[in-house]
Amino acid sequence: MTRLAFAFALMFFSAPLFAVPGLEAITVTTSPDGGESYSLTLQVLILMTVLTLLPAIFLMMTSFTRIIIVLAILRQALGTAQTPSSQILIGIALFLTFFIMAPVFDKIYENAVTPYMNEEMNMQEALKAASLPLRKFMIAQTRETDLKMFSDIAGGKQFTGPEDVPLSILVPSFLTSELKTAFQIGFLIFIPFLIIDLVVASVLMSMGMMMLSPMIISLPFKIMLFVLVDGWVLIVGSLASSFYT
């Protein structure tokens, strides 16, 4: 978590501000009566602001969005109400995100954070080095049509290569692509469970049991089907491999 927080903070700090040498975090001012007052500089203010935005940055620029949507649709398809609970789904999505993003975070730490802490590169160089692995990951998951749409909205800017796409265009394009992919996967997951619901409803209707909810009867069959095909392994494994195919 420390590496992750430092890497994201490094990428989104204001480079020109931190390039100023000798910028102190706390300024001590001596008053005429001999007392001292302390004031925080803009550097600390930006640090606190970035830390508050860190959860949103982590959720929106990683694989978390796709995973949590697919898991939520899976729970809806099973019809198990609040089982697994939202906390469990978020926990699964969070740790699966760490697993998927581990190579990206390692590259950011090795190529940007470590050289910067060892004073081998300045802030501007560290920012550029830190953004490259994350940018490469997002571009690999982003559709060209989404990039073109946001590029046209931004004024029809033309880019010579993926490395020239600014984060202001790449991030919303990545989010749009992730939402579309997540709902496509969710649709495929929903179909077999929907067929079970339709079969059970038809059988109950033919037997005249209109007052009996089909969901009550179909739930055990859907759970049995999910267990027999080892559903959790299939879902988690497919989600993880979908980012590196």
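User: Why does T181 count as buried?

Analyst: In this predicted model, local features need pLDDT of at least 70, side-chain atom pairs count only at pLDDT 80 or more, and totals for chains, interfaces and linings use all residues. Residues are numbered from 1 along each chain as its sequence is written, and side-chain values use heavy atoms, with hydrogens and water left out. T181 has a relative accessibility of 14% and therefore counts as buried, the term for under 20% relative accessible area, with exposed over 50% and partly exposed in between (1.4 Å probe, protein chains only). T181 lies in helix α8 and, leaving aside residues up to four places away in sequence, touches R66 and R143, where contact means heavy atoms within 4.5 Å.

User: How do you know that the buried residues of α10 line one face of the helix?

Analyst: The buried residues in α10 (residues 231-241) are G231, I235, L239 and A240. Viewed down the axis of α10, they fall within an arc of 150°, so they line one face; the arc is taken from the directions that run from the helix axis to the C-beta atoms.

User: What makes α4 roughly antiparallel to α10?

Analyst: Their axes cross at roughly 155° and come within 11 Å. Angles over 145 degrees count as roughly antiparallel, under 35 as roughly parallel, 65 to 115 as roughly perpendicular and the rest as oblique, so α4 is roughly antiparallel to α10.

User: Which residues of α4 and α10 meet?

Analyst: From α4, R66, I67, V70, L71 and L74 meet W232, I235 and L239 of α10.

Key
Helix = DSSP H or I, 4+ residues; strand = E, 2+ residues; numbered from the N terminus. Axes fitted to C-alpha atoms, helices over the stretch in contact; angles between N-to-C directions.
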